[in-house]
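Subject: Handover of a structure, with notes

Dear colleague,

I am passing on the structure below, together with notes on what was found in it. Please keep it open while you read.

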Amino acid sequence: MSSLLPPVPPGTGPTTANVLIIGAGPAGIAAALTLARQQHSAILFGDGVYRNGRAEQMHLIPGLDGARPSNFSQAARSNVLQNYGEHISFRDVTVFSVQRVAGGFAAVDAAGVAYFGHKLILASGVEDLPLPIDGYAACFGSVIFHCLLCKGYEQRGGASAGVLAIDSFGRAPVALHMARQASSLARTVTIYTNGAGALAAEIEAGFCRAGGSAGIMRVDNRVIRRFVFLGEQEQAQGGGIRLEFVDNSLPADEAFLAHAPKTRPRGPFVSQLGLETLPPGDNDGDIKVELPYYQTSVSGVFAAGDNCSKMKSVAHAMLSGNVAGMGAASQIVAEQLGQVYTAELM
Ligand SMILES: Cc1cc2nc3c(=O)[nH]c(=O)nc-3n(C[C@H](O)[C@H](O)[C@H](O)COP(=O)(O)OP(=O)(O)OC[C@H]3O[C@@H](n4cnc5c(N)ncnc54)[C@H](O)[C@@H]3O)c2cc1C
């Protein structure tokens, strides 16, 4: 099927498309691929900031494990333009506002340029909100890891590693889950509960439930005063992180700490569109979506990637981008033909 919009005149690039996609990371690019293969046009917006931008390498992506995130973005973009340049275009701009208008959605960038699309996909990622403890922000991503499958392997074999049982890791089952992962990467594991005595007791009870044992795990309930970055190298070479405590007791050195900070969807789009989000403390204000197509609470607006999933990974971003693109494409055709659109997967 051909594009529903008039052909775009050559020159500065299109300002209208079937779908506007805010975000040119893995979620946005995956959505664009799906749309292009259905011959729908899309404009992707990106401001050059990616959540994993501070990481030297990305992992867990078959065929690309160890690739630099920036190389991945460039390669993915070139690949899309090479194969589907007639349908897809990129704008390296910051989108300041989005709103519903007759027939679709309008977006306005920092220079005041307005764009129109019948559908909108928010693939704009999240920002990590550092724990308000001195030194945390400087250590996040280099020696504090939100995911021990993405990070930690490079620091494997250290004498000890830690789990920070705060925020989403501040529930006993989650803290224990993370400690089990850490135990594959270090010789001992300490779960820091930062003064939460009841949690510390629950975790200790969890060690021994049904005849189990703590093994190499232990709990430390001291209140943390600050984190000190020691270096990204292996612990045996002096790298890792130091925890200092408010009671001035002996500091603790770890090869790395596992902790996922709270996040919030990037940009002003949730409030501008009046989108429903999950309650704070549930999924930290993620955009609420209906599966299978990642439709948000506002018809015609889809979300994809980190901003709508507890499982914040590149693989999920790609899957949700594909599926949101599918939903947007199907909705466009249904509307064009006057059919009733229902979101059901075969
Ligand atoms: C330190 C670190 C390391 C990680 N390592 C891994 C790993 O090894 N493997 C893994 O699977 N996951 C890893 N992750 C998670 C991974 O980064 C995310 O899951 C993934 O980037 C989510 O993709 P996304 O497309 O949703 O968002 P992002 O990749 O964050 O992309 C967001 C896009 O939205 C755009 N954008 C946002 N706001 C605007 C705006 N107002 N105007 C225009 N554009 C805008 C940005 O420019 C960008 O193009 C890591 C995360 C961190 C913090």
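To begin with a pairing, Leu164 has Tyr192 of strand 10 as its bridge partner, with strands and helices taken as DSSP runs (E of at least two residues for strands, H or I of at least four for helices) and numbered from the N terminus. Between strand 9 and strand 10, which run parallel, there are six bridges, where two strands count as paired if DSSP finds at least two bridges between them. From strand 9 the chain passes through helix 4 to strand 10, and this β-α-β crossover is right-handed, meaning that with the strands pointing away from the viewer the path from the first strand over the helix to the second runs clockwise.

Please note that this is a predicted model, in which local features need pLDDT of at least 70 and side-chain atom pairs count only at pLDDT 80 or more, while totals for chains, interfaces and linings use all residues. Residues are numbered from 1 along each chain as its sequence is written, and side-chain values use heavy atoms, with hydrogens and water left out.

Strand 9 also pairs with strand 15, again in the parallel sense, over two bridges, and there Val163 has Ala258 as its bridge partner. Because six of its seven residues are buried, strand 9 is largely enclosed by the rest of the structure; buried means under 20% relative accessible area, exposed over 50%, and partly exposed in between, with a 1.4 Å probe and protein chains only.

Helix 4 covers residues 172–183 and spans 16 Å from its first C-alpha to its last, close to the 16 Å expected at 1.5 Å a residue, the expectation being 1.5 Å times one less than the number of residues. Its buried residues, among them Val174, Leu176 and Met178, pack against elements including strand 9, strand 10 and helix 5, contact being heavy atoms within 4.5 Å.

A polar side-chain atom of Asp47 lies 2.5 Å from an oxygen atom of the ligand, and a polar backbone atom of Ser313 is 3.2 Å from a ligand oxygen atom.

With kind regards

Methods:
Polar contact = N/O pair within 3.5 Å; in protein donor to acceptor, adjacent residues only side chain to side chain.
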